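I opened my notebook to go through this fold step by step.

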Amino acid sequence: MSHDPSCLFCKIVAGQIPSRKAYEDEEILVFHDIHPWAPVHLLIIPKLHIATLADISEEQHAALLGRMTALAPRLMREAAVTNGFRTVINCGADGGQEVYHLHMHVMGGPRPWAKG
Ligand code: 5GP
Ligand code: ZN
């Protein structure tokens, strides 16, 4: 399924739910987390609906994941984060995933942070 009409992040991709966007291209959207843990807290998502990191296939999605990861340092630089950042992908129930549309958290900015 490329799009799940009941999925929160698919609704954000479709513009049905507003978000504060930081970056967008044909296959990736980046927006600010609604409950940030850090001064800058971005979510990098594929526009394609992939529920979790456990659902990717190496053949099909390696390039997409590579692009998502490669965007992180660039977006942190653009957000004036210069002293390091953290990337997190929560996967499944025991991984603490709450929204079942693959996303990479990218958090940075001066500490203390709200969490972590
Ligand atoms: P997870 O726990 O699944 O790794 O992270 C989901 C993240 O999505 C949480 O950090 C949460 O704050 C964020 N989030 C949930 N709903 C919304 C929303 O409607 N808009 C935005 N921008 N972020 C959301
Ligand atoms: Zn989705």
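I first settled my terms: buried means under 20% relative accessible area, exposed over 50%, and partly exposed in between, with a 1.4 Å probe and protein chains only. With that, I found that 40% of the 116 residues of the protein chain count as buried.

Notes on the source. I am working with a predicted model, where local features need pLDDT of at least 70, side-chain atom pairs count only at pLDDT 80 or more, and totals for chains, interfaces and linings use all residues. Residues are numbered from 1 along each chain as its sequence is written, chains are lettered from A and ligands numbered from 1 in the order in which they are written, and side-chain values use heavy atoms, with hydrogens and water left out.

Elements. I took helices (H or I, at least four residues) and strands (E, at least two) as DSSP runs, numbered from the N terminus. I found two helices and five strands in the protein chain, and from the N terminus on they run α-β-β-β-α-β-β.

Strand β2. I then stayed with β2, residues 28–32, where four of the five residues are buried. Two strands pair if DSSP finds at least two bridges between them. Strand β1 (residues 21–24) runs antiparallel to β2, with three bridges joining them, and the two form a hairpin with three residues between them. On the other pairing, five bridges join β2 to strand β3 (residues 40–46), again antiparallel.

Which residue of β2 is the bridge partner of Glu24? I found Leu29 there, and the bridge partner of Leu29 in β3 is Ile45.

Contacts. I counted a contact as heavy atoms within 4.5 Å. Residues 24 or more positions apart account for 56% of the contacts with a separation of 6 or more in the protein chain.
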